[in-house]
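Here are my notes on the model you passed along, written as numbered points. Have the structure open while you read.

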Amino acid sequence: MGEQMRAFDPVQLGSIELFCKAAELSSFTAAAEALGLTPASVSRSVSRLESRLGVRLFARTTRNIRLTTEGEIYRQQCQQALEQIAEVERLITGTQKVPGGRLRVSVGTPYAHHRLLPLLPEFQTQYPQIEVELSISNRVIDFVDDGFDLAIRLGKPKDSRLIAHKLEEATLGVFAAPDYIQRRGEPETLQDIDNHNCIRFILPSTGKTMPWLFRDDHGHDIDYVTKSAYSVSDDVLGAVNWAVAGGGLFQIYHFIAQSDIYRGRLVEVLKKYNGRTRQFSILYPQNRHLSARVRAFVDFFRREMQKTESH
């Protein structure tokens, strides 16, 4: 018998896609921008591919990259293979009558607990053959390296190469426990904030304090960064629980605070400065073929969020 065929690693397919895009654009940076990734992740994937093959696919300089002779041969064959795979995927997943298979979703902590998880049982009922795998974390992800199909994140994506569907504009308010207000008094103006304990949230992506968003009587937007000594990082729900325990003022979304308001554990203050929102979006890479299970999740969740906004 001939030489035993080398086993194919499924992760290699993603590296091949990145290699072809870098070859097409003659740049790791341009390929990263096109695919919604970082240049470092593209470079690492290509290096792993070169190590596996035992050849150099690109000749690199400080200014650019160019395909080697072996790289050009590899690109031609891989491009044909990728086109065939894409055609088969469109044929199979696009016409799939009953969506099924594993769906990997990354979602931040607040949105997971207060929006996504309460809706998942209904999704499971409608699509029992889809295996949902959730990662509940606020960390920055890499779709290719981390293997996620979808992500739900705060804000608008900086990279326009990512497909983003807005889920909602979440309204904000400042809240505190009733006993804290009884002890310290209720702030009436933004100037009063400096006389209160304010719980800051440190953004994990930047290490900076998330500003509180206000709108004054004249319609002017104000971004306020409190200088309080009290802060929480990574998990915003920790800051909410701190406020519920009487630790001070905290700005959070109404959809998170509403259950504690109903139970009498939080009260809203500074309502006259409301009006600002933050956007939540569902994201996936532009180059990703939209399978039936991804389409089912996106359509279901957007539909459910439209119902929430209409109430």
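**Notes on the predicted model**

1. Starting with the overall picture: buried residues make up 44% of the protein's 311 residues. Keep in mind that this is a predicted model. Its secondary structure comes to 10 helices and 13 strands. Of the contacts in the protein with a separation of 6 or more, 75% are between residues 24 or more positions apart.

2. Next, the inside. The largest nonpolar core has 45 residues. Y111, L150, F250, I252 and F297 are the ones with the most contacts inside this core. Helix α10, residues 292-310, gives the most to the core, with seven residues. Apart from it lies another core, this one of 21 residues, including L18, A32, L49 and L82.

3. L150 deserves a click, as one of the residues with the most contacts inside the largest core. What does L150 touch, once its neighbours within four places in sequence are left aside? The list runs to L103, R104, V105, S106, F143, I282, L283, Y284, V294, F297 and V298. F297 also belongs to the group with the most contacts inside that core.

4. Now a helix pair. Two packed helices are described by the angle between their axes and the distance between the axes. For helix α2 (residues 28-35) and helix α3 (residues 39-53), the axes come within 8 Å and cross at roughly 110°. Angles of 65 to 115 degrees count as roughly perpendicular, so α2 is roughly perpendicular to α3. The crossing of α2 past α3 is right-handed.

5. Who makes that contact? On the α2 side you'll find F28, T29, A31 and A32, and on the α3 side P39, V42, S43 and V46. Sorted by class, the contact of α2 with α3 has six nonpolar residues, two polar ones and no charged ones. A32 turns up in the 21-residue core as well.

6. T38 sits in the loop between α2 and α3. Is T38 buried, exposed or partly exposed? Its relative accessible area is 41%, so T38 is partly exposed. Leaving out neighbours within four places in sequence, T38 is in contact with A32 and D142. T38 and D142 are 104 residues apart in sequence, yet their C-alpha atoms are 8.0 Å apart in space.

7. Two backbone spots to look at. Most residues other than glycine have a negative phi. D234 is not a glycine, but has a positive phi of about 75°. D234 lies in the loop between β10 (230-233) and α8 (236-244). L270, also not a glycine, has a positive phi of about 55°. You'll find L270 in the loop between β12 (267-269) and β13 (277-285).

8. How accessible are those two? D234 has 47% relative accessibility and counts as partly exposed. L270 is at 4% relative accessibility; buried means under 20%, so L270 counts as buried.

9. Last one: D179, in helix α7 (residues 178-184). With a relative accessible area of 37%, D179 is partly exposed.

Terms used:
Residues are numbered from 1 along each chain as its sequence is written. This is a predicted model: local features need pLDDT of at least 70, side-chain atom pairs count only at pLDDT 80 or more; totals for chains, interfaces and linings use all residues. Side-chain values use heavy atoms; hydrogens and water are left out. Axes are lines fitted to C-alpha atoms, for helices over the stretch in contact, and angles run from 0 to 180 degrees between N-to-C directions. Helices (H or I, at least four residues) and strands (E, at least two) are DSSP runs, numbered from the N terminus. Angles under 35 degrees count as roughly parallel, over 145 as roughly antiparallel, 65 to 115 as roughly perpendicular and the rest as oblique. A crossing is left-handed if the near helix is turned anticlockwise from the far one by less than a right angle, and right-handed if clockwise. Contact means heavy atoms within 4.5 Å. Ala, Val, Leu, Ile, Met, Phe, Trp, Tyr, Cys and Pro count as nonpolar, Asp, Glu, Lys and Arg as charged, and the others, Gly among them, as polar. Buried means under 20% relative accessible area, exposed over 50%, partly exposed in between (1.4 Å probe, protein chains only). A nonpolar core is a set of buried Ala, Val, Leu, Ile, Met, Phe, Trp, Tyr and Cys residues joined through side-chain atoms within 4.5 Å.
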